[in-house]
Structure formats: structure tokens, C-alpha cells
Amino acid sequence: NPSWSPDGKWIVFARAPAYDFGASLPKGESIVPRHLAEPFLDGRENFAYDLYRVPFNNGRGGQAKPLQGASDNGRSNYFAKYSPDGRWIVYCQASGFMFSRPDSDLFIIPSHGGKARRLHCNNPERMDSWHSFSPNGQWLVYSSKANGPFTQLWLTHIDEDGHDTPP
């Protein structure tokens with residue numbers, strides 16, 4: 001899930017090592033059999049994504065490097081979105097994997113990396129995810145299951161220092 005910086009100079013994306021099933025996967029098969037997937041389904045194995053940034057360099061690219069503060073933290077970091085002014089990146093963090101995680105919370109970090117902060121708008125017990133900035137960067141819309149099992153849209157105000165208000 002890559003995301004462009006507003007100035008078009010950077011791309012931020014989630015990256016995880018590929019799991020190697022080796023000779024365990026039947027020859028010619030691309031679907032993982034249940035017995036090989038079982039450790040991931042029951043929690044014995046996990047995928048943890050890190051955020052990386054890569055320069056675009058007018059299409060020449062460059063070396064992808066981990067985004068300090070949103071990588072190598074033992075958690076899964078994903079769905080990164082730049083603020084319209086390019087100063088901030090808001091992303092999701094969970095214990096592992098990336099889709100529909102019940103423990104997903106929203107974090108904010110300076111776009112060049114640094115100390116990540118959990119946003120105040122998060123519900124402490126339910127999923128917060130699928131976020132997007134308003135065009136002026138002052139609002140963040142996101143999905144939350146704060147009120148029950150169904151996803152609802154929520155809004156939080158983001159100030160120029162990257163601090164949010166209660167939803």
C-alpha cells in the first residue's frame with residue numbers, strides 16, 4: 001500500500017519479509033494448504049510490516065530505507081498516508097498482519113521519521129483504521145468500530161503540530 005508524498009519526491013510503503021514455505025508447498029501450487037497456514041491462523045506465526053521510504057528521483061528511484069519510528073518496533077505498521085503539507089505521516093499499527101485488525105490504532109510520525117505518537121482519537125478497545133486527510137490537512141477521517149461491530153466514520157482535528165482532538 002504505497003503512498004506518494006505531496007511533492008512527489010517520496011513514496012512510503014509497508015514491507016515485510018516473504019515467508020518461505022520451501023519444499024513444503026506442493027510443486028506448482030500457489031495456494032497455501034491449510035496445514036501450512038495453520039500457524040498463522042492460530043497466532044503461533046505472525047507477519048509484522050515496517051514502513052519504508054524510497055525516493056522517486058524523477059523515476060530513477062533509489063534505496064528504500066526503514067522509516068525510523070515506524071519500523072523495527074515489534075509491531076505491524078501499515079496504511080501510511082502523508083498529510084497534504086507533507087510534514088506528517090499517519091499510519092496504522094497492530095500486533096501483526098494488516099487487514100481488519102481488531103487492535104489497529106492510528107499513529108502519527110514526522111514524514112522524515114522520528115518519534116511516533118499514538119493519536120488521541122483512538123478507541124482503546126476497537127479497530128481504528130482506513131484513514132484519509134482532508135485537502136487542507138486539518139481533519140482526519142477514519143473508520144472505527146468504537147460503537148460496536150460495525151464500522152463507522154469518525155473525524156478528528158489535526159493541528160499544525162500534528163496533535164489531534166478527541167473524535
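The model is a predicted one, in which local features need pLDDT of at least 70 and side-chain atom pairs count only at pLDDT 80 or more, while totals for chains, interfaces and linings use all residues. Residues are numbered from 1 along each chain as its sequence is written, and side-chain values use heavy atoms, with hydrogens and water left out.

**Aromatic rings**

A search of the whole structure finds 5 aromatic pairs, where rings of Phe, Tyr and Trp (its six-membered ring) pair if their centres lie within 6.5 Å, and planes under 30 degrees apart count as stacked, over 60 as edge-to-face and the rest as tilted. In one of these pairs, the ring centres of Phe 79 and Trp 130 are 4.5 Å apart and the planes stand at 40 degrees, so the pair is tilted. Because Phe 79 belongs to strand 5 (residues 76-82) and Trp 130 to strand 9 (residues 128-133), this pair ties together parts that are 51 residues apart in sequence; helices (H or I, at least four residues) and strands (E, at least two) are DSSP runs, numbered from the N terminus. Phe 79 is buried, at 9% relative accessibility, whereas Trp 130 is partly exposed, at 46%; buried means under 20% relative accessible area, exposed over 50%, and partly exposed in between (1.4 Å probe, protein chains only). Ring pairs also link Tyr 78 with Phe 79 and Trp 130 into a cluster.

**Charges over rings**

A charge sits over a ring if NZ of Lys or CZ of Arg is within 6 Å of the ring centre and within 35 degrees of the ring normal.

| Charged residue | Ring | Distance from ring centre |
|---|---|---|
| Arg 15 | Tyr 52 | 4.6 Å |
| Arg 53 | Trp 10 | 3.7 Å |

**Helix 1**

Within helix 1 (residues 34-41), the buried residues include Leu 36, Ala 37, Pro 39 and Phe 40. These four cover an arc of only 140 degrees around the axis, which puts them on the same side of helix 1; the arc is that of the directions from the helix axis to the C-beta atoms. On the other side of helix 1, Arg 34, His 35 and Leu 41 are exposed.

An open sheet is formed by 4 strands in the order 1-2-3-4, with antiparallel pairing; two strands pair if DSSP finds at least two bridges between them. Strand 1 (3-4) and strand 4 (65-66) stand at the edges, each with a single partner strand, so one side of each is left without a neighbour in the sheet. Strand 1 pairs with strand 2 (residues 10-15) over 2 bridges, and Trp 4 stands opposite Ile 11 in strand 2.
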